[in-house]
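Reader: I'm new to this one. Can you walk me through it in short steps?

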Amino acid sequence: MAVQASPAAAQQTVLVSTDWVSQHLNDPSIRIVEVDVDTKAYGESHVPSALGWAWDTQLCDTVRRDIIPQAKFEQLLGQSGIDNSTTVVLYGDNNNWFAAWAFWQLKVYGHKDVRLMNGGRKKWIAEGRELTTDAPQVSSKSYKAQSPDNSIRAFLPEVMKASSEKSAALVDVRSPQEYSGEILAPPGLPETCQRGGHIPGAKSMPWGKACNEDGTFKNTDELKALYGGIGVTADKPAIAYCRIGERSSHTWFVLKHLLGYKNVKNYDGSWTEWGNLVAAPVEKP
Amino acid sequence: MPKPEEYSEKKTELAGWPVNIVTYRLGTVYHTTIDNTDPGAWVVKAQGATKQEAESKALKDAQALMEKVKKSKPPTGCTSVPGF
């Protein structure tokens, strides 16, 4: 049986600082990629040598609702100059929401070395570090993905079971107003569900609670206490969800990779699936 | 390569919703981003020749957007469907 890495050791392999990134801008074994909520942000300015991926066209299936298909994933990474041995460093706006979404998809397809830049785009800018509008010159490489690892992805039937049989802790990472059903989507963002509220049995833990003011992640003791407070611990399966699956990728990253909890899944269908189902139970506090 | 300067961050309320305003200067242009604090999603961006110009534009657009947020009636209880 594999020995589980300690949280501190796990952090070292998946998190890098802005300082570290600034020292590895021209390292050929590393590819830096920006993934933002605001898909125009990369074009306006980005970390030197970083590529940009658009979450809404390049990191999803554009025909049916799904993550990026395997063949397109292989094509995207290959065209980005990434092969199976490349270290991929992801960062983005909103404290790495969609960078975490990309991280999760890279892990679904088995990429070995993926890391997040702690603090994301916000911290890089706040620190007054160099920015550019130049896209890097990239030579394509060959990339072979592994079959999707659905041990880190929850689909509807499993979430229904978790809700009705309490077989996994459900973590609703949306804002308190979305959890309560007061609003259907975050202020300023489009509404995409028919009903408000949350999945019965889910506990509220807004994703941002895991972050410090500067956008970096809290330390492992703080994170353990935070999630332990709602019954999410290392010995129990957990499923995180939000509205469309990106905020919950962030929480999934925290539980799976910063705290090292073994059985954690991201339910990317999230509230835009559950809140649109006919006859699905909905809980409102 | 240019570096962002004069970075500032402040919180306020628009149409009853807390928002976070970030402004910085890149070269000669001021960039303002307004996010909705919780959950923290970017909602409006604007640029201007001065900090005040960039923030005024962004605040005007953000105000209009935040006023459109629909609130449901207060939660009244739990509903469930047996056998689901």
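Author: Let's begin with a term: domain bounds here come from an automatic or database domain assignment. This is a predicted model, in which local features need pLDDT of at least 70, side-chain atom pairs count only at pLDDT 80 or more, and totals for chains, interfaces and linings use all residues. Residues are numbered from 1 along each chain as its sequence is written, while chains are lettered from A and ligands numbered from 1 in the order in which they are written.

Reader: Ok. Which domains does the assignment give chain A?

Author: Domain 1 covers 7-148 and domain 2 covers 151-274 of chain A. Their C-alpha centres lie 22 Å apart.

Reader: How many residues of domain 1 of chain A are in contact with domain 2 of chain A?

Author: On the domain 1 side of chain A there are 24, in contact with 22 residues of domain 2. Two residues are in contact if their C-beta atoms, placed from the backbone, lie within 7 Å.

Reader: Which helices supply the domain 1 side in chain A?

Author: Helix H1 (7-14), H5 and helix H6 (120-126) of chain A each supply at least two residues to that side. H5(A) gives the most, with 10 residues. Helices (H or I, at least four residues) and strands (E, at least two) are DSSP runs, numbered from the N terminus.

Reader: And by class, what is on that side of domain 1 of chain A?

Author: It has 15 nonpolar, six polar and three charged residues. Nonpolar means Ala, Val, Leu, Ile, Met, Phe, Trp, Tyr, Cys and Pro; charged means Asp, Glu, Lys and Arg; the others, Gly among them, are polar.

Reader: What about A:Asn96? What is its phi?

Author: A:Asn96 also lies in helix H5 of chain A. Its phi is positive too, near 75°.

Reader: Is A:Asn96 buried or exposed?

Author: A:Asn96 is buried, because 31 other C-beta atoms lie within 10 Å. A:Asn95 is buried as well, with 28 such atoms within 10 Å. The cut-offs: buried is 20 or more other C-beta atoms within 10 Å of a residue's own, exposed is 12 or fewer, and partly exposed is in between, with C-beta atoms placed from the backbone.

Reader: New topic. Where does A:Phe217 lie?

Author: A:Phe217 is in the loop between strand S7 (203-204) and helix H9 (220-228) of chain A.

Reader: Why does A:Phe217 count as buried?

Author: A:Phe217 counts as buried because 21 other C-beta atoms are within 10 Å. Leaving out residues up to four places away in sequence, A:Phe217 touches A:Leu15, A:Asn118, A:Ala210, A:Cys211, A:Val254 and A:Leu258.

Reader: Now chain B. How many helices and strands are there?

Author: Chain B has one helix and four strands. Along the sequence the pattern is β-β-β-β-α. Of its 84 residues, 37% are buried.

Reader: How many residues of chain B are in contact with chain A?

Author: There are 29 residues of chain B in contact with 37 residues of chain A. Strand S1 (5-14), strand S2 (17-26), strand S4 (42-48) and helix H1 (51-67) of chain B each supply at least two residues of the touching side. By class, that side of chain B has 18 nonpolar, six polar and five charged residues.
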